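Dear colleague,

I am passing on the structure that we spoke about, and below it you will find my notes. Please read them with the coordinates open beside you.

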Protein chains: 2
Amino acid sequence: MFDFTFHNSTKIIFGAGKEALIGAELHAAGITRVLLIHGKNSVIRSGLLDRVMTSLKADNIAWTKFGGVDSNPLLSHTRDGIALAKQDKVEAILAVGGGSVLDEAKAIAVGALAAEDVWQFFIGQKVERALPIFTILTLAATGSEMNGNSVITNAQTRQKYNISSPHVYPTVSILNPELTHSVPLNYTAYSAVDAITHVCEGYFTKQPGTHLQDRLVEGIIKTVLETTSLIMSEPTHAKARASFMWAATLALNGLTPAGIGAYSFPNHMIEHALSAIYNIPHGAGLSIVMPAWMKWYCPQNPSQFTRFAREIFGLDSGTAGIAALEQWFVTIKSPVRLHEVGIPATDIEEIAENAAGLARQWGIAELYPRETIAEILRLAI
Amino acid sequence: MFDFTFHNSTKIIFGAGKEALIGAELHAAGITRVLLIHGKNSVIRSGLLDRVMTSLKADNIAWTKFGGVDSNPLLSHTRDGIALAKQDKVEAILAVGGGSVLDEAKAIAVGALAAEDVWQFFIGQKVERALPIFTILTLAATGSEMNGNSVITNAQTRQKYNISSPHVYPTVSILNPELTHSVPLNYTAYSAVDAITHVCEGYFTKQPGTHLQDRLVEGIIKTVLETTSLIMSEPTHAKARASFMWAATLALNGLTPAGIGAYSFPNHMIEHALSAIYNIPHGAGLSIVMPAWMKWYCPQNPSQFTRFAREIFGLDSGTAGIAALEQWFVTIKSPVRLHEVGIPATDIEEIAENAAGLARQWGIAELYPRETIAEILRLAI
């Protein structure tokens with residue numbers, strides 16, 4: 001165990017139909033006007049946005065609608081949202097959607113109270129304040145509903161960068177697992193990969209010996225494996241969708257890294273380069289990167305890989321555990337090689353260059369120079 | 001998975017020497033005067049109280065000292081604290097000690113802002129507000145540092161009752177595991193029993209099928225078993241003390257019951273009667289009650305007891321799992337029979353009568369009429 005501070009004050013309201021409470025929650029927080037941000041058309045088609053607006057109306061909350069968030073949310077669109085939030089003097093941001101919508105909502109919440117351009121905060125400036133953020137989640141994957149992270153893509157510079165700040169934890173997040181029943185199976189698979197990767201980053205890159213946190217991680221991974229398989233054969237399996245949703249939240253809400261000391265996010269670092277350049281789904285990029293990274297990293301922490309193999313798959317070697325995870329990705333139809341998403345091996349140097357920028361940003365450039373990243377990526381050819 | 005709301009905004013600061021930050025934390029919260037509550041002499045002898053006062057002084061926080069909290073904190077002493085808090089117009093309560101000190105601090109925080117006698121809140125009145133609570137923990141066991149519970153004993157009526165309210169979650173809790181190195185081994189054992197019982201109550205009394213939460217519980221139990229054994233042979237084992245401390249916090253901070261639906265606290269119900277009447281340590285009472293309750297309850301939820309036996313002890317029957325847990329209590333020298341703490345079998349009817357009062361208070365009187373409680377207690381003769 002290492003020193004840590006844990007402080008996560010997000011209120012989670014979990015259950016069917018709970019989006020009807022959003023008006024009351026905003027009212028209780030003294031909010032009278034929100035920026036209502038969402039993605040493309042699915043929340044309109046499903047009727048969710050109408051239900052949300054009905055709840056807002058019932059509690060006299062005014063709103064400015066702002067749709068069209070991309071699945072890798074863009075800086076340009078974020079800037080539009082900030083302009084709108086400032087113009088309409090909204091008091092909070094209400095995000096209705098998946099992790100991308102939530103991440104953009106957080107960036108707008110920061111930008112709305114800042115004089116400078118919001119990208120400054122993604123390249124190093126400290127976040128000092130943000131508008132309160134409320135969320136209604138429609139896709140379980142990123143954990144953004146209960147953490148202080150936001151990832152935005154700058155299409156001009158092809159940088160997918162993040163902020164991490166206590167000021168952008170959502171005040172209230174409503175998790176209705178029924179809203180995820182209609183998530184297509186390919187996106188469900190990518191979400192499973194994302195949640196597994198979130199807990200694996202710390203699990204493998206920390207020092208060994210924090211067994212409590214290892215057990216929490218293993219409990220989350222086993223739950224994601226189990227529930228994903230159930231969902232694959234029955235997409236509206238209510239119990240599986242619900243457990244999957246809560247597992248994905250716990251996978252990145254600060255619980256599993258509390259007390260583990262220093263760790264890093266190498267898989268996310270490399271994947272952010274992939275989706276910044278090729279705009280592929282984040283989870284699809286991760287299922288390509290993770291087996292490659294694991295094969296490269298395994299010799300640096302063999303005991304933890306052996307533990308992983310034993311606890312998760314009942315296997316007796318680290319190599320077998322990695323192979324089993326890669327095979328599971330194949331089973332749920334998430335890609336495991338670059339060519340599966342149309343990325344040629346000849347692009348590896350460019351991807352590595354992009355990821356190396358993030359490695360510098362995250363302070364792990366010594367561990368991950370450009371050539372090392374390229375070496376890892378070559379294991380995914 | 002069932003509907004739930006999870007909202008735990010306590011800030012945890014974990015690590016050696018972190019008590020030095022208390023002045024700064026109070027200052028940041030705008031507090032200028034606290035009631036500084038502690039137990040008997042150990043925090044004075046150890047120098048901890050001096051270090052705390054040094055930190056308060058450095059940040060210009062004034063204090064009123066109030067010591068002498070009992071290990072089963074008493075209503076009469078709580079009332080004295082409330083009078084003092086009102087008289088000196090303190091703005092927050094700072095608790096330095098174990099769960100008992102924290103629980104009394106919470107009761108004082110409620111009483112200090114109430115016109116009526118504080119006991120009213122323990123027998124049903126709803127808590128509407130409380131002074132902010134800050135804690136420095138010296139004994140890992142009760143989870144009070146990160147939850148909204150407070151248990152107080154009314155010696156006159158021999159009732160050990162509780163409040164449970166969002167208003168008494170600590171604002172900040174400082175957990176320095178080194179402060180627990182000097183906890184005597186018998187109290188360490190009682191603490192281990194307490195933490196295990198906290199997670200077992202929900203694990204066994206809920207509906208089956210919430211595997212994620214089961215896995216979190218099992219991770220906590222395995223950690224408590226493992227670290228307690230290490231501490232028993234090396235009381236200052238730093239890693240074990242630290243993991244034990246965090247495991248005890250997670251055991252009752254709302255994490256493990258989130259999503260499990262309805263459950264109850266039968267072991268605590270019966271034990272509260274024991275320590276209300278005989279003033280025995282809470283954990284000692286629990287290690288007597290729990291094996292008895294498990295033997296009685298096992299037929300009502302056999303699959304979960306089989307799971308417990310397999311996951312925790314690698315055994316293949318519920319009965320064997322219960323026997324293994326009871327044997328483990330014996331190994332760590334926590335009592336498992338009433339006579340070990342001097343309670344004669346002839347008192348069982350009186351204990352059952354007392355516990356039945358709590359069963360009514362907690363809404364489980366139908367499941368636990370007096371005669372059923374007596375039947376369970378007879379298994380602990």
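Chain A contains 15 helices and nine strands, where helices (H or I, at least four residues) and strands (E, at least two) are DSSP runs numbered from the N terminus. Please bear in mind that this is a predicted model, in which local features need pLDDT of at least 70 and side-chain atom pairs count only at pLDDT 80 or more, whereas totals for chains, interfaces and linings use all residues. Residues are numbered from 1 along each chain as its sequence is written, while chains are lettered from A and ligands numbered from 1 in the order in which they are written.

As to overall form, the C-alpha atoms of chain A fill a box of roughly 60 × 45 × 45 Å along the principal axes.

Where the chains meet, 27 residues of chain A are in contact with 27 residues of chain B, contact being counted if the C-beta atoms, placed from the backbone, lie within 7 Å. On the side of chain A that touches chain B, β1 (4–6), β2 (11–14), α8 (211–233) and α9 (238–250) of chain A each supply at least two residues, and α8(A) gives the most, with eight residues. Both copies use the same surface, since 100% of the contact residues of chain A recur in chain B.

The strands also cross between the chains. An open sheet of seven strands runs in the order β4(A)-β3(A)-β5(A)-β6(A)-β9(A)-β2(A)-β1(B), with mixed pairing, and two strands are taken to pair if DSSP finds at least two bridges between them. At its edges stand β4 (62–66) of chain A and β1 (4–6) of chain B, each with a single partner strand, so one side of each has no neighbour in the sheet. From one strand to the next the twist averages 15 degrees, with axes fitted as lines to C-alpha atoms (for helices over the stretch in contact) and angles running from 0 to 180 degrees between N-to-C directions.

The link between the chains in this sheet is made by three bridges joining β2(A) to β1(B), which run antiparallel, and Ile13(A) has Thr5(B) as its bridge partner in β1(B). Helix α4 (residues 75–87) of chain A packs on the sheet, touching β3 (33–38) and β4 of chain A, and its direction makes about 160 degrees with that of β3(A). Helix α5 (residues 99–111) of chain A packs on the sheet as well, touching β3, β5 (92–97) and β6 (133–137) of chain A, at about 170 degrees to the direction of β5(A).

With best wishes

How values were computed:
Contact = placed C-beta atoms within 7 Å.
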